[in-house]
Amino acid sequence: TVSIVSFSRPTSRWKMRAMRRIHVLLALLWMFFAIHGPRGMAMDGRQAAEAMEENPEELLQWALNHSDTEALKKMAEDARLGKEDAVRRIQDIRETMEYLSKQVPSDAEEMRQFVEILENETLDVQTKTDALEGLQFLLESIDNANDFPKLGGVEALHSMLQEDDVKVRSHAAHALGIAAANNPKFQLTMIDRRPTILRTLMEMTKMEDRALHKKGLYALSALVRNVDEVQELFYAQGGLEFLETLVDDTSKGDQIQIRALQLFSDLLAQSGKKEHISEAMHSSSVNMVCPSIELLSRADVAKIDDILRVVHSIIEKNDKRMVLDSGNRCNAGEVVGKAYEKVAADAGKLRSMEYDHELREGAEEESGVQFL
């Protein structure tokens with residue numbers, strides 16, 4: 001939609017502009033006659049400046065008395081016609097804007113239309129995926145995302161997540177993730193109306209299609225992050241065990257494993273004083289170490305830093321000795337050392353990365369490389 005607020009009061013605004021133009025024209029006339037006019041009309045620059053400072057109204061009256069009246073009348077008439085033309089143009093613009101506003105639907109109207117498409121069981125897959133793509137664009141606005149549930153959007157998206165077609169499910173998960181990202185109000189509304197949504201997204205990662213794994217985990221992460229109530233539901237539905245399994249499953253691919261590891265790291269950082277899950281969180285932390293180290297052993301340079309930061313956060317948030325003992329069972333020091341050698345070979349120098357000093361010492365001992 002296009003705002004036309006700036007055109008709401010044209011009359012007074014244009015009156016002021018017309019008066020300013022007349023004053024400028026009169027000043028220019030005075031300057032012209034002062035330089036080129038007949039005798040008795042000339043005034044030097046110093047006198048003009050003094051007159052302007054002392055009594056600008058008197059100077060204006062002087063200019064009127066010594067000017068061509070007919071020429072001034074013509075200029076005033078031209079100014080009046082210019083004002084009328086400007087007002088007429090503004091009215092035309094206003095009418096055009098009003099017409100266009102009726103032709104272009106609002107965001108809420110578009111979202112309602114897309115929801116109706118998703119609810120129509122007779123429409124084909126392409127029509128529904130097009131509607132979901134439109135929603136992805138609109139739901140980037142937090143205001144739109146929070147209005148979406150009022151239009152039946154929660155129920156529509158949940159229904160699309162259970163469609164047989166992979167493309168529809170993937171697009172629905174993507175739209176859900178966009179709406180939920182950094183939006184606690186939508187996150188809470190979603191689980192309030194559809195408490196099984198987390199389980200639905202977890203199940204998506206078990207499908208054969210990798211696009212579903214990626215989009216399902218994206219939507220799940222967006223829903224779970226930063227909101228205690230959603231995290232409690234996630235834990236109650238086996239969320240930690242789910243992440244452990246995902247990180248340990250090499251068939252999912254490195255990207256999914258790393259994203260699952262990052263989600264666990266975020267949950268660990270946000271767990272704070274939640275004593276009721278501290279034991280489960282510690283157990284999962286220990287179980288995550290070796291899969292993380294194994295992932296590190298085959299990661300490319302771009303992913304090494306991400307993995308090491310997660311390992312560092314696991315060590316920092318738990319009993320270091322126990323975590324490091326777990327890491328020793330999978331040769332963590334050797335793997336970390338090789339990871340740094342890989343970084344050094346790629347960059348031509350060693351990079352400074354964040355990781356536990358004890359793990360670093362083990363890596364240095366295994367690799368014989370002194371890390372920065």
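Mentor: Let's start with Ala-332, which counts as buried at 2% relative accessibility; buried means under 20% relative accessible area, exposed over 50% and partly exposed in between, with a 1.4 Å probe and protein chains only. A quick caveat before we go on: this is a predicted model, so local features need pLDDT of at least 70 and side-chain atom pairs count only at pLDDT 80 or more, while totals for chains, interfaces and linings use all residues. Residues are numbered from 1 along each chain as its sequence is written, and side-chain values use heavy atoms, with hydrogens and water left out.

Ala-332 sits in helix H19 (residues 332-347). Helices here are DSSP runs of H or I with at least four residues, strands are E runs of at least two, and both are numbered from the N terminus. The chain has 20 helices and 0 strands. From Ala-332, hop to Ser-292: the two are 40 residues apart in sequence, yet their C-alpha atoms are 9.4 Å apart in space.

Ser-292 takes us to H16, where it takes part in the contact with H17. Helix H16 (residues 275-298) packs on helix H17 (residues 301-316) at an angle of about 160 degrees, and their axes are 10 Å apart. That angle makes H16 roughly antiparallel to H17. For the geometry, axes are lines fitted to C-alpha atoms, over the stretch in contact for helices, and angles run from 0 to 180 degrees between N-to-C directions. Angles under 35 degrees count as roughly parallel, over 145 as roughly antiparallel, 65 to 115 as roughly perpendicular and the rest as oblique.

The crossing of H16 and H17 is left-handed, a label used if the near helix is turned anticlockwise from the far one by less than a right angle (right-handed if clockwise). On the H16 side, Ser-285, Met-288, Val-289, Ser-292, Leu-295 and Leu-296 meet Ile-304, Ile-307, Leu-308, Val-311 and Ile-314 of H17. Sorted by class, this contact has 9 nonpolar, 2 polar and no charged residues. Here Ala, Val, Leu, Ile, Met, Phe, Trp, Tyr, Cys and Pro count as nonpolar, Asp, Glu, Lys and Arg as charged, and the others, Gly among them, as polar. Contact itself means heavy atoms within 4.5 Å.

H16 also packs on helix H15 (residues 254-270): their axes come within 11 Å and cross at roughly 145 degrees. The crossing of H15 and H16 is left-handed. From H15, the residues involved are Asp-254, Gln-257, Ile-258, Leu-261, Phe-264, Leu-267 and Leu-268, which meet Met-281, Ser-284, Ser-285, Met-288, Ser-292, Leu-295 and Arg-298 of H16. This contact of H15 with H16 has 8 nonpolar, 4 polar and 2 charged residues.

Now move back along the sequence for another pair. Helix H9 (residues 166-180) and helix H12 (residues 210-224) pack at about 25 degrees with their axes 8 Å apart. H9 and H12 are therefore roughly parallel to each other. Their crossing is left-handed. Among the residues in this contact are Ala-173, Leu-176 and Gly-177 of H9 and Gly-216, Ala-219 and Leu-223 of H12. By class, the contact of H9 with H12 divides into 11 nonpolar, 4 polar and 2 charged residues.

Leaving out residues up to four places away in sequence, Leu-176 touches Leu-157, Leu-161, Phe-186, Met-190, Ile-197, Leu-201, Ala-219 and Leu-223.

Beyond its neighbours within four places, Leu-201 contacts Leu-161, Leu-176, Gly-216, Ala-219, Leu-220 and Leu-223.

Asn-182, between H9 and helix H10 (184-193), has a positive phi near 55 degrees without being a glycine, and Asn-182 is exposed with a relative accessible area of 63%. Asn-226, between H12 and helix H13 (228-236), likewise has a positive phi, about 75 degrees.
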